[in-house]
Amino acid sequence: MATEMQKRLQETIKDFSLPTFEEIPTVGLYLEQTSNFINSYLEELLGTKLTPSMISNYVKKNLIARPEKKLYSREQLAYLFFIALAKTVLPLDDLKLLVKVQQESYATEVAYRYFCEELKQTLTAVFEHKALELTTADQPEQKIMLSNIIITVAHKIYLEKYFAVLQDK
């Protein structure tokens, strides 16, 4: 039986999901629109906002491609969801290397779908205190790395939410 604390924590992620790749706009978004779109999904989960200056910094550091005619594409938005979450546990230089490896290994749509599915499953397992299904050694190295990042992000989010609930008491 779940304790009151567990119920409150589970409530924080109950309705969380990232947009599917198809739900990400196909028309380009301007910088402010891009920031607002990403934040509409992640702000409550992370407790922080992805600012336009942060996005511009990711472009300068070559984590994502420069926008075309000041418009960010569906693929860039997909990468920004990943970057916004992964940067909470990885330095930007490591994140840049990880994005490069991913781009060489999988199409953006395939990688994003896997990322969304894995994130949802991992957050649910962590917040419901269930065993995590870890990737096995026969998985590609890139999937194992992504899985480990997602597990780390999920545990970090859990701890932040846990301490927030404690402070509210």
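Which helices each supply at least two residues of the lining of the largest pocket? They are α4 (74-86), α5 (92-105), α6 (108-127) and α7. The model is predicted.

## Largest pocket

The largest pocket holds about 440 Å³ of space. It is lined by 21 residues. Closest to its centre are Leu 98, Gln 102, Ala 111, Gln 142 and Leu 146. The lining divides by class into 16 nonpolar, three polar and two charged residues.

## Second largest pocket

The volume of the second largest pocket is about 230 Å³. Twelve residues line this pocket, and those closest to its centre are Glu 118, Gln 121, Leu 132, Glu 133 and Leu 134.

Helix α6 gives the most to the lining of the second largest pocket: five residues. The classes here are six nonpolar, four polar and two charged residues.

## Surface patch on Leu 159, Phe 163 and Leu 166

Leu 159, Phe 163 and Leu 166 make a nonpolar surface patch of about 270 Å². Phe 163 belongs to helix α7, which spans residues 141-168.

Is Phe 163 exposed, partly exposed or buried? Phe 163 counts as partly exposed because its relative accessibility is 46%, and the range for that class runs between 20% and 50%.

Asn 57 sits in helix α3, residues 52-60. Its relative accessibility is 30%, so Asn 57 counts as partly exposed.

Asn 57 and Phe 163 are 106 residues apart along the chain. Their C-alpha atoms are separated by 30 Å.

Most residues other than glycine have a negative phi. Asn 62 has a positive phi, near 60°. Lys 69 also has a positive value, about 55°, although it is not a glycine.

Asn 62 is placed in the loop between α3 and α4. Lys 69 is in the loop between α3 and α4 too. Asn 62 has a relative accessible area of 55%, so it is exposed. Lys 69 is at 78% relative accessibility and therefore counts as exposed. The cut-off for exposed is over 50%.

## Salt bridges

How many salt bridges does the structure hold? There are seven. Side chains of opposite charge can pair when their charged atoms come close.

One of the bridges joins Arg 113 to Glu 109, with the closest N and O atoms 2.7 Å apart. Both residues lie in helix α6, four residues apart, which is about one turn of the helix. Arg 113 counts as partly exposed because its relative accessibility is 36%. Glu 109 has a relative accessible area of 31%, so it is partly exposed. A network of salt bridges links Glu 22, Glu 109 and Arg 113.

Lys 130 forms a salt bridge with Glu 128. Their closest N and O atoms are 2.9 Å apart. At 30% relative accessibility, Glu 128 is counted as partly exposed. Lys 14 forms a salt bridge with Glu 11, and here the closest N and O atoms are 3.3 Å apart. Glu 11 is partly exposed because its relative accessible area is 48%.

Definitions and conventions:
Residues numbered from 1 in each chain as written. Predicted model: local features only at pLDDT ≥ 70, side-chain atom pairs only at ≥ 80, totals over all residues. Heavy atoms only, no water. Patch = residues over 30% accessible without salt bridge, like charges linked within 9 Å, V, L, I, M, F, W, Y side chains within 5 Å. Areas by Shrake-Rupley, 256 points an atom, 1.4 Å probe, with all protein chains shown as cover. Salt bridge = Lys/Arg side-chain N within 4 Å of Asp/Glu carboxyl O. Buried < 20%, exposed > 50% of the residue type's maximum accessible area, 1.4 Å probe, protein only. 1 Å grid on protein atoms, 1.4 Å probe; cavity = no way out; pocket = protein on both sides within 12 Å on 5 of 7 lines; lining within 4 Å. Points joined across faces, edges and corners; volume = space filled by probe spheres on them. Nonpolar A, V, L, I, M, F, W, Y, C, P; charged D, E, K, R; others polar.
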